[in-house]
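Let's take a friendly walk through the charged pairs and the nonpolar cores of this protein. The sequence and structure come next.

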Amino acid sequence: MFNIWIIEYSATVTPFQLNAISLNWSNETMANTTSQSIGIANSHSIKIWFKPSALIAGYLYVSRNYSTDIFNIIQIALQSSGKVFLDLYNSSWTRFKRYETSTAYSIWTISSIWYTWDWTTFKIYTNWTEDTSVNKIQDNSGVMTDSDRKVYIWSNVWVNSFLNWEVSKVDIWNNTLTSAELLSLYDNWNGYKLDTRNTKWNYTSTVNLKHQWALGKNIGANIWKDFVSSGNINISDNSVNITDADIVTF
C-alpha cells in the first residue's frame, strides 16, 4: 500500500485592484483642483491604463497651472485616429514637446500609454513597447518646474461629451523608469492589477512613486484615492456625479 501525499502550494496574490471607473463624458468629471505640488519636474514617468469605447478625441490626463487654470503643463490626449499625442510645457507654460504615437489604440481593449522624460530624452511606450517611430510634431528643449498644479483625468471639462470610457489606474514617478521596469509593470496585460508601491521583478522605483490613483480595494469615499501617502492628492476630491454605480470590472 502506498500513501499518496498531496501538497498544495498557493502562489496566488490578491490583486490590488480589478476595477475601473466608467465615465459618461456628459456630466461626470474627475479632478483635483487644490493648490498642491504634484512632485515631478524635469525627470518623471507617467503610466495610464484605459479602455476606450469609441475613438473620439478626448483628454486622458491634464495638469494645469494652479493660479490661472489656463496654462497646461502636461497633456495626454486620444485622437479620433486612435493615436495618442503627448505634450510637455516649460516653466513659462510654452509647449516644447508634442509627440504622436505611431500606433493606434483599439476600442474595448485594455491598453496602456506610458512616457518617460529625463530632461533630454522623451520616450513613449504603447503598452510596454517603446514607440521608436513617433511623429515628432514639436521637438524643442525645455525646462519644467514643480509648482502647484490642478489635475484632471478623463474629465469632460474641455471636450464634447461622448460614450463611456473605462479608466483603471494612473501612476506618476519623479524619475525615469527603465524599459525593464516598464516590462515588469506591464505584466502580460495585468499591470493594472498591481500595487506599484511594491517592487516586482525588475521594477524597483517604489521610492520614486509620487501618485497612484486607483480604486484599490475600497469603494465609496475612496473612489480614486491617491494610494501614495506622501502625495495625498485624491483625484476624486472635486469629482462631479461619480458614485459607486460607476465602478465596473476592468
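## Charged pairs

Aspartate 195 and arginine 197 form a salt bridge, with their closest N and O atoms 2.7 Å apart; the term means a side-chain nitrogen of Lys or Arg within 4 Å of a carboxyl oxygen of Asp or Glu. Aspartate 195 is buried at 16% relative accessibility, while arginine 197 is partly exposed at 37% (buried is under 20% relative accessible area, exposed over 50%, partly exposed in between, with a 1.4 Å probe and protein chains only). Shared partners also join Lys47, Lys169 and Asp171 into one salt-bridge network. The count comes to 6 salt bridges.

This is a predicted model, where local features need pLDDT of at least 70 and side-chain atom pairs count only at pLDDT 80 or more, while totals for chains, interfaces and linings use all residues. Residues are numbered from 1 along each chain as its sequence is written, and side-chain values use heavy atoms, leaving out hydrogens and water.

## A buried pair

Arginine 98 forms a salt bridge with aspartate 87, the closest N and O atoms being 2.7 Å apart. Arginine 98 is buried, with a relative accessible area of 18%, and aspartate 87 is buried too, at 1%.

## Nonpolar cores

The largest nonpolar core has 40 residues, and Tyr61, Ile74 and Trp213 are among those with the most contacts inside it. Such a core is a set of buried Ala, Val, Leu, Ile, Met, Phe, Trp, Tyr and Cys residues joined through side-chain atoms within 4.5 Å.
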